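Hi,

Here is the structure I promised to pass on to you.

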Amino acid sequence: MWFARARPICAALIAVAVAVPAFSAELKSDAINSAEPSKKTLSTEKATPAGVRLQVLLDRAHFSPGEIDGKFGENAKKALRAFAEADQLPGSDDLTADVWQALRTDDRPVVTNYTITEKDVAGPFLNKMPSRMVDMKDLPKLGFTSPREGLAEKFHESQQLLAAMNPGQRFDRAGDTIVVVDVGENGDGAPAKADRVEVDKAKQTVKLFDKSNALIGFYPATVGSEDKPSPTGMLKVTEIDRNPTYRYNPDYHFRGVHSDKPFTIKPGPNNPVGTVWINLSAEGYGIHGTPEPGKVSKAESHGCVRLTNWDAERVAESVTKGTAVAFVEAER
């Protein structure tokens, strides 16, 4: 595979099956906006009002829990630990009073109403996303499969959470009002410019630091695999490409891709590298988005660093050509 002037060697691998999540029956706006997270109100198994509020506040602070699904899973815990680190508070898998106090200084409601627009439902939408990369090559655009998928991505939510917050809603009529989480305009804008990026291969995380070495952004990631490990050491950003075209090179012999000829896949949010490609100085490697945000940190990549599309876009706004990117292998 190659990409623009670079030659990325990464692409989406098939992830492990993900169980259909359970949801609280009380995902109402008032309940979410007033929820107080605790061991009793947070769950790793189902979405809860407290889980939604916690994830939204972390997302707003640029300590991303990945896809907002209302559950207190590993990505939310990673974000919580990073937020505590940035505020120089003791880190823990549990939400401490000090960390919650720091988070809740943002006292704006985390849930709001949104009116579906004509653009949201205009499409064109894919009837079905092909499972094989080679079957994507003739599609004119790798767009969303439905208005619901597009709206979920717009608000950093899982499709299941969006549906649970709007029972009976089809999401396909302009003018309808729905309930969504409020992450702010593009997550309240990009964080400050990063002086360096740290990719932790063991913990599957990306951190941004400013010139004073302050931690200013955190994102859960999928970083390589045993079959295609990520590089090690210090690299730098060489190029940022938005709405990338994916180009497959058969010399890389990706598992599950049976083609002896190169082919291209058109841009779009469901492109194998998502909506942005941040090229790195090691040939073929980059930081990029994904068509499957719910599988970030839960699958594998062909050596690259995969984030949700919105997190990859945030990183792209924070870095510039020449920004240092360190790959480290800290213990879990």
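Below is what I found in it, beginning with the chain as a whole and then turning to the sheet and its helices.

Please keep in mind that this is a predicted model. The protein chain holds 8 helices and 15 strands. Of its 332 residues, 54% are buried. The accessible surface amounts to about 15300 Å², and carbon and sulfur atoms account for 48% of that. If you take the contacts between residues at least 6 apart in sequence, 64% of them join residues at least 24 apart.

Now to the sheet. It is an open one built from 9 strands with mixed pairing, and the order is E7-E6-E5-E15-E9-E12-E13-E14-E8. Which strands stand at the edges? They are E7 (215–220) and E8 (222–223); each has a single partner strand, so one side of each has no neighbour in the sheet.

Helix H3, covering residues 74–86, packs on this sheet and touches strands E6 (205–209) and E7. The direction of H3 makes about 170° with that of E7.

Another helix, H8 (residues 309–318), lies across E6, E7, E9 (233–242), E12 (276–280) and E13. Relative to E12, H8 runs at about 50°.

Best wishes

Conventions. Residues are numbered from 1 along each chain as its sequence is written. This is a predicted model: local features need pLDDT of at least 70, side-chain atom pairs count only at pLDDT 80 or more; totals for chains, interfaces and linings use all residues. Side-chain values use heavy atoms; hydrogens and water are left out. Two strands pair if DSSP finds at least two bridges between them. Helices (H or I, at least four residues) and strands (E, at least two) are DSSP runs, numbered from the N terminus. Contact means heavy atoms within 4.5 Å. Axes are lines fitted to C-alpha atoms, for helices over the stretch in contact, and angles run from 0 to 180 degrees between N-to-C directions. Buried means under 20% relative accessible area, exposed over 50%, partly exposed in between (1.4 Å probe, protein chains only). Accessible areas come from the Shrake-Rupley method with a 1.4 Å probe; for residues, only the protein chains shown count as cover.
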